[in-house]
Amino acid sequence: MKKSWIVSLACAILFPAFIGYMGKSFEKDDRPKVVVILKSLNTDYWKSMKAGADKAFADFDVDGKVIAPASEYRVTEQIAMLKNVLEQQPDALIVAPSQPSAAIPVLAEYHKKHIPVLLADTDAEWKDQTTFIGTDNSTLGKKAGELLGSLLYPRDQIAIIEGTSVSTVTSERVTGAKEALEAAGIEIVTEQPGYDEFGNVKSVMESILQAHPDIKGVFATDDTITLAALKVIEKRGLKIPVVGTDGIRDMIKSIQARRINASVAQNPYDMGYIGVEQALRAINGETVVTRIDSGVDIITTDNAKEKLEFLKTILKPRYGLLQIIQ
């Protein structure tokens, strides 16, 4: 009798807990599953995109996650992630492909399984993508070229420092910048890669100044190499305008400190948020437009403080414990 009473009591206690657990499990399983695969998570740019996606996950009650390889140069690592996620059968995939041509064969497998694929930041020539959310990089480069050209005179010489070689983003930005600079009568005397084969910043600004001492400006296709070039220029005591294109915190701080006149910035936070929003529309069978432009901002001393405050609210402290662990 006593044993029976104990069993009954245990059931009375555990059964509601079991039902509650099962209810939560079913509730979680019922939520749409969206996976975001970025190029990396080691810069403000990609952290901002993750923050936008995370906010959308919370706002729309999505079972979502954001993952990325250790570097934008880890193309094979990103491809392996795409294959692994495919086995998990998400309801939608959002991806910023490091090398679109290498990613397309795997993305085609998602399409075969009727999983919507949304591209963010980097577009691809793939007819089956659900949509592209991001910046028109040719337009971005053109705006950057126009900005640099406005600080110079016709026939002035400038250098171009290029970013990640495996990305079409770089070539598109360079194309747009050249169009604007040539229209302004600016002479491009050299184009140099800003990273080595392992993705480390190269000290190219010193060699550029030695070979071309008369250059009057620099266009760099991302802010990391922009700031590296600026450091060399300042060390030499020169006043040469440098224009970058991402709008990371250190660049904005440089504008606020009047070390740089202005810069062109993308909106990665919006890309992440809009990407999840549009993924839900695709999952629900609603119409999704084939291209969504997330826009371009010109950052100057007038709006640098506002932009910095926004970034502080969405990004973790640079040297916090979690950052070190990651």
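By about how many helical turns are Asp54 and Lys50 separated in helix H2? In this predicted model, the two residues stand four positions apart in H2 (residues 44–59), and the separation therefore amounts to about one helical turn. Asp54 and Lys50 form a salt bridge, with their closest N and O atoms 2.7 Å apart. Both partners fall into the intermediate accessibility class: Asp54 is partly exposed at 30% relative accessibility, and Lys50 is partly exposed at 27%.

Helix H2 also holds Lys55 and Asp59, again four residues apart and about one turn of the helix from each other. Their salt bridge brings the closest N and O atoms to 2.8 Å. Lys55 has a relative accessible area of 38% and is partly exposed; Asp59, at 40%, counts as partly exposed as well.

A further pair lies in helix H4 (residues 100–112), where Lys112 and Glu109 are three residues apart, about one turn of the helix. In this salt bridge the closest N and O atoms are 3.2 Å apart. Lys112 is exposed, because its relative accessible area of 58% is over the 50% cut-off, whereas Glu109 is partly exposed at 32%. Across the whole structure, a search finds 17 salt bridges.

On the H8 side, Asp223, Thr226, Leu227 and Leu230 meet Asp250, Met251 and Ser254 of H9. By class, this contact comprises three nonpolar, two polar and two charged residues.

Terms used
Residues numbered from 1 in each chain as written. Predicted model: local features only at pLDDT ≥ 70, side-chain atom pairs only at ≥ 80, totals over all residues. Heavy atoms only, no water. Contact = heavy atoms within 4.5 Å. Nonpolar A, V, L, I, M, F, W, Y, C, P; charged D, E, K, R; others polar. Salt bridge = Lys/Arg side-chain N within 4 Å of Asp/Glu carboxyl O. Buried < 20%, exposed > 50% of the residue type's maximum accessible area, 1.4 Å probe, protein only.
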